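Take a look at the protein below. The paragraphs that follow walk through it step by step, from the whole chain down to single residues.

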Amino acid sequence: MTQIENHPKGLYLLFFTEMWERFSYYGMRALLVLYMIQNLMFSNQKAGDIYGLYTGFVYLTPLIGGYIADRLLGQRRCISIGAFLMCAGLFMLTSGKVDLFLPALFVMILANGFFKANISSVLGLLYEDKPEKKDSAYTIFYMGINLGAFFSPLICGTIAYKFGFQYGFAAAGVGMLIGLITYKLFENKLLGTCGLNPIKKEKITDKSEKKIVTKREREKIHALLILMGFTIVFWTCYEQAGCSLTMFAEFSTNRWFFGHTIPAGYFQSLNPLFIIILAPLASVLWTKLGEKKLEPTSVEKFTIALGLMSVAYIVMAFAGDLSTHNWVSPMWLVSAYFIMTVAELCLSPIGLSLVSKLAPKQFISVLMGLWFLSSFFGNIFAGFWGGKYGSISTEVLFLTLAMISLISAVCLAFLIPKLKKILGRT
């Protein structure tokens, strides 16, 4: 298992802060589509479009938040602002008022802009002198994300099922409030000056340093942008978890268990549960393969991730075909989520680590925000495809997603030699 004791104590604080932020996000996300359909009486397509726009813009605003952090406020202040705004947006949802629904989503979009890229950047800055530990650190950090994501659908989903959606949103808000208080109590002690101040360009006095990025750095950034294009496809498929896969759980899956109906949102806890189980194993696997010089490069891991995502949706296409005749076993969703989780471990934490390694220091938060831009487009497309649920057969919907992912994997495989020349064994 990963040797956590060899990591800076600041990792623990960032781990728990991110855990509570993800608790709030995924707790709300597990309820969002069904809330719009069942309480606000939106159509599947409208709910899917709003879901896609919301989850998309959540990943667009970190680009702006990263710039503000690098140039004006510093990462740490932006994290505090983001956590506070997240609390505000979630508690706005508890009012149950339709006219506050979209403003609440807007506030939470701004919150993520300040929070998301900057907490990942601070983690990277903690390891400036220990680059060899970054993949391990980001894998541990990723476990924090998924620990929050595991409990939130269970807790928020149960509360919403028993007492109403507003109470589920309130539970998510309380989780974020705990994260904010914890962060403010310990940030100075455990993080020191790391990420506290914005980067001052005027400090660069040597003429050779005035060149913002070198030619080699530009080549690596261009390679990173190519990989971001492929991750759009990955997130388009992955983010069906809160949209078409949730609707499949609600309307096509047998959820009767020992006299009780399992809330559809519970299935969204499968992915983070599998992450918690598999992430330490993945960390050990990469380390062992690295010692033998057999570890796949980041590009190869991305290709594997896209291929596995295609397999997951082929499984769901079979489930979709069976669902036209009867309720289907929940094991179809369990199997698909397991495969998607393995795919995710080959891409998401590796991508965060890759950005941290390749980004010039003066642009680390901006490039981290740019990395999340691929999630913006992926979520927009996820909402579009998720909104098709019910208007086309589930078999066709899932098979289409499988083919898109498979074609992307094949295209990226052809680019591996070229990208490896630029990135090396990164």
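Begin with the surface. The accessible surface of the protein chain comes to about 17,800 Å². Carbon and sulfur atoms account for 68% of that area. Keep in mind that this is a predicted model.

Next, the fold. The protein chain has 14 helices and 2 strands. Its radius of gyration is 21 Å, close to the 22 Å that the globule rule gives for 426 residues, so the chain is as compact as a globular protein of that length. Along the principal axes, the C-alpha atoms fill a box of roughly 70 × 45 × 35 Å.

How is the inside built up? Of the 426 residues, 58% count as buried. Take the contacts between residues at least 6 apart in sequence: 85% of them join residues at least 24 apart.

Helix α12 shows burial in detail. This helix covers residues 348-358. Of its 11 residues, 10 are buried, so α12 is largely enclosed by the rest of the structure. The buried residues include Pro-349, Ile-350, Gly-351, Leu-352 and Leu-354. Ser-348, Ser-353 and Ser-356 are buried too.

Now the charges. The protein chain carries 37 positive and 24 negative side chains. The centres of the two sets lie 5 Å apart.

Turn to the cysteines. How many disulfides does the structure hold? It holds 0. Cys-87 is in no disulfide, and the nearest cysteine sulfur, that of Cys-156, is 13 Å away. Cys-87 is buried, with a relative accessible area of 5%. Cys-411 has a sulfur 14 Å from the closest cysteine sulfur, in Cys-237, and that is too far for a bond. The cut-off for a disulfide is a pair of cysteine sulfur atoms within 2.5 Å. Cys-411 is partly exposed, at a relative accessible area of 39%.

Finally, visit two loops. The first stop is the loop between α1 (10-38) and α2 (44-73), where Met-41 lies. Met-41 is not a glycine, yet its phi is positive, at about 60 degrees. Is Met-41 buried or exposed? Met-41 is exposed, with a relative accessible area of 64%.

The other stop is the loop between α9 (270-291) and α10 (298-323), which holds Lys-293. Phi of Lys-293 is near 60 degrees, a positive value in a residue other than glycine. Lys-293 counts as exposed, at 74% relative accessibility.

Notes. Residues are numbered from 1 along each chain as its sequence is written. This is a predicted model: local features need pLDDT of at least 70, side-chain atom pairs count only at pLDDT 80 or more; totals for chains, interfaces and linings use all residues. Side-chain values use heavy atoms; hydrogens and water are left out. Helices (H or I, at least four residues) and strands (E, at least two) are DSSP runs, numbered from the N terminus. The radius of gyration is taken over C-alpha atoms; the globule rule is 2.2 Å times the number of residues to the power 0.38. Buried means under 20% relative accessible area, exposed over 50%, partly exposed in between (1.4 Å probe, protein chains only). Contact means heavy atoms within 4.5 Å. Accessible areas come from the Shrake-Rupley method with a 1.4 Å probe; for residues, only the protein chains shown count as cover. Lys and Arg count as positive and Asp and Glu as negative; His and the chain ends are not counted. The place of a charge is taken as NZ of Lys, CZ of Arg, CG of Asp or CD of Glu.
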